[in-house]
Amino acid sequence: MSDGIMKRMGLIFRSKANKALDRAEDPRETLDYSYQKQLELLQKVRRGVADVATSRKRLELQLTQLQQQSAKYEDQGRKALSLGREDLAREALTRKANMQSQITDLETQYQQLQAEEEKLTLASQRLQAKVDAFRTKKETIKATYTAAQAQTRIAESFSGISEEMGDVGLAIQRAEDKTAQMQARAGAIDELLASGALDDASGLGRKDDIEAELERVAGGSDVELELARMKAELTGGPAASGPQAIEQGKAQPQDGSSQDTPRINYNK
């Protein structure tokens, strides 16, 4: 397997793993974990301040004891000198001098510990302020994320409802179209049956010859009545009605001329 294929496979694997981790990661849990780590760091700094303060206090006690002992040697030397014991006075002052060297060393260490304690105390205060600010920001981000998550779920729910309602609307539209198609088909079949172009296999809607002839004559009568009415309007006479008009229409010659009807000159 070539290096190019291996690199592509590694890239795909890393991208898939990153996507899976992104889905699994909860920002609220990450923020809580970071806050917990900051609290642990703050606790360590405070413990360091306490340790330095304890050491400083121990040196302070030792320094006090040495200073008291040095003062005691000085008093002994003064008392021995007053009694004429110069040798004892010299011994007391020698011990005081040796102790003064220890006092000087302890004072130096004490000052160093005091400075270190002040630095750690200042660092602890600054870290405490950062932890408090992070806690406030953490809670704000968590509340915002929770609200956004709820809004997203509501939007997704509404989106699902909208899709379902869209499907229902399409189903209703298909039902209406199919109903209209069936109604049109039924109307067309009725018209074909009525005109005789399509035979009624059941025989229920079939007409015999007499009934068909009667309907034809009735239809012709309507035409004759309308023709007689129009002629009456043109001649200015009374319009004939009923069978009389029909007979008059049939009595007229084919060329449309009549002996009793005067000709109308339209050229006037």
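1. E91 is partly exposed, with a relative accessible area of 41%; partly exposed denotes values between buried (under 20%) and exposed (over 50%), computed with a 1.4 Å probe on protein chains only. The model is predicted, so local features need pLDDT of at least 70 and side-chain atom pairs count only at pLDDT 80 or more, while totals for chains, interfaces and linings use all residues. Residues are numbered from 1 along each chain as its sequence is written, and side-chain values use heavy atoms, with hydrogens and water left out.

2. E91 forms a salt bridge with R95, with 3.3 Å between the closest N and O atoms. The term requires a side-chain nitrogen of Lys or Arg within 4 Å of a carboxyl oxygen of Asp or Glu. Because E91 and R95 are four residues apart in helix α3, about one helical turn separates them. An α-helix has 3.6 residues a turn, so residues three or four places apart point the same way. R95 is likewise partly exposed, at 42% relative accessibility. Helices are DSSP runs of H or I with at least four residues, numbered from the N terminus.

3. The count of salt bridges comes to 16. One of them joins R56 and E117, whose closest N and O atoms are 2.3 Å apart. R56 lies in helix α2 (residues 27–82) and E117 in helix α3, so this pair ties together parts that are 61 residues apart in sequence. Helix α3 covers residues 86–195.

4. Is the R56–E117 pair buried or exposed? Both residues are buried, and E117 has a relative accessibility of 14%. Leaving aside neighbours within four places in sequence, E117 is in contact (heavy atoms within 4.5 Å) with V52, A53 and R56.

5. A further salt bridge is formed by E74 and K96, with the closest N and O atoms 2.8 Å apart. This pair links distant parts of the chain, E74 being in helix α2 and K96 in helix α3, 22 residues apart. E74 counts as partly exposed at 29% relative accessibility.

6. The largest nonpolar core has eight residues: L59, L63, L66, Y73, M99, I103, L106 and Y110. Helices α2 and α3 each supply at least two residues of this core. Such a core is a set of buried Ala, Val, Leu, Ile, Met, Phe, Trp, Tyr and Cys residues joined through side-chain atoms within 4.5 Å. Not counting residues up to four places away in sequence, L106 touches L59, Q62, L63 and L66. Another core, of five residues, lies apart from the largest one and includes Y35, L42, V45 and V131.

7. The structure holds one aromatic pair. Y35 and F134 form this pair, which is stacked, at 6.4 Å centre to centre and 15 degrees between the planes. Rings of Phe, Tyr and Trp (its six-membered ring) pair if their centres lie within 6.5 Å, and planes under 30 degrees apart count as stacked, over 60 as edge-to-face and the rest as tilted. Y35 lies in helix α2 and F134 in helix α3, so the pair ties together parts 99 residues apart in sequence. Y35 counts as buried, at 14% relative accessibility.

8. K138 lies over the face of Y35, at 5.0 Å from the ring centre; the criterion is NZ of Lys or CZ of Arg within 6 Å of the ring centre and within 35 degrees of the ring normal. K138 is also linked with D32, E139 and K142 in a network of salt bridges.
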